[in-house]
Amino acid sequence: MSDYDYGNARLRAMKSRLLSRRELESLAETGSLQGLISALTKTAYQKSIEAALTRSTGMDCIDEALHADLVNTVGKVSSFYHEETAAIAAIIFRTYDIYNLKTILRGLSKNVSSSEITSVLLPV
């Protein structure tokens with residue numbers, strides 16, 4: 001079990017990067033794709049969004065930023081553990097944010113109310 005101690009402590013520290021319920025609600029209330037991109041620059045996704053904005057716009061920007069952030073996070077988490085454990089741990093923690101952001105995007109693209117979007121977000 002000592003193989004997990006260091007990695008688990010590092011993961012608990014990284015958990016602070018996950019978006020809070022209030023942040024997710026705020027993102028759902030942005031009302032537009034451009035508003036969402038702007039709001040994401042005030043979150044842990046700031047660097048990824050800003051980098052993606054130099055190459056793309058709209059949904060492509062968000063897709064590229066989320067992908068880059070996931071790759072970066074998986075790389076970090078993978079270094080906390082040994083081989084097999086690293087792969088499993090990396091996948092688990094970012095799944096929540098990605099699901100919730102995609103849910104918000106789908107809702108905004110279909111003009112769904114923020115309360116309806118919020119009702120289907122996964123609590124972390």
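**Inside the core**

Tutor: The largest nonpolar core holds 21 residues, and the ones with the most contacts inside it are L27, L36, L40, Y45, I62, L101 and I104. By nonpolar core I mean a set of buried Ala, Val, Leu, Ile, Met, Phe, Trp, Tyr and Cys residues joined through side-chain atoms within 4.5 Å; buried itself means under 20% relative accessible area with a 1.4 Å probe, counting protein chains only. At least two residues of this core come from each of α2 (21-28), α3 (33-40), α4 (46-53), α5 (58-80) and α6 (83-109). Now zoom in on L101: setting aside neighbours within four places in sequence, L101 is in contact with L19, L27, L40, Y45 and L66, where contact means heavy atoms within 4.5 Å. There's also a second, separate core of five residues, with L11, M14, V77 and Y81 among them.

Before you go further, bear in mind that this is a predicted model: local features need pLDDT of at least 70, side-chain atom pairs count only at pLDDT 80 or more, and totals for chains, interfaces and linings use all residues. Residues are numbered from 1 along each chain as its sequence is written, and side-chain values use heavy atoms, with hydrogens and water left out.

Stepping back, the protein chain has seven helices and zero strands; these are DSSP runs numbered from the N terminus, with helices (H or I) of at least four residues and strands (E) of at least two. Of its 124 residues, 35% count as buried. Among contacts with a separation of 6 or more, 62% join residues 24 or more positions apart.

Conventions: Buried means under 20% relative accessible area, exposed over 50%, partly exposed in between (1.4 Å probe, protein chains only).
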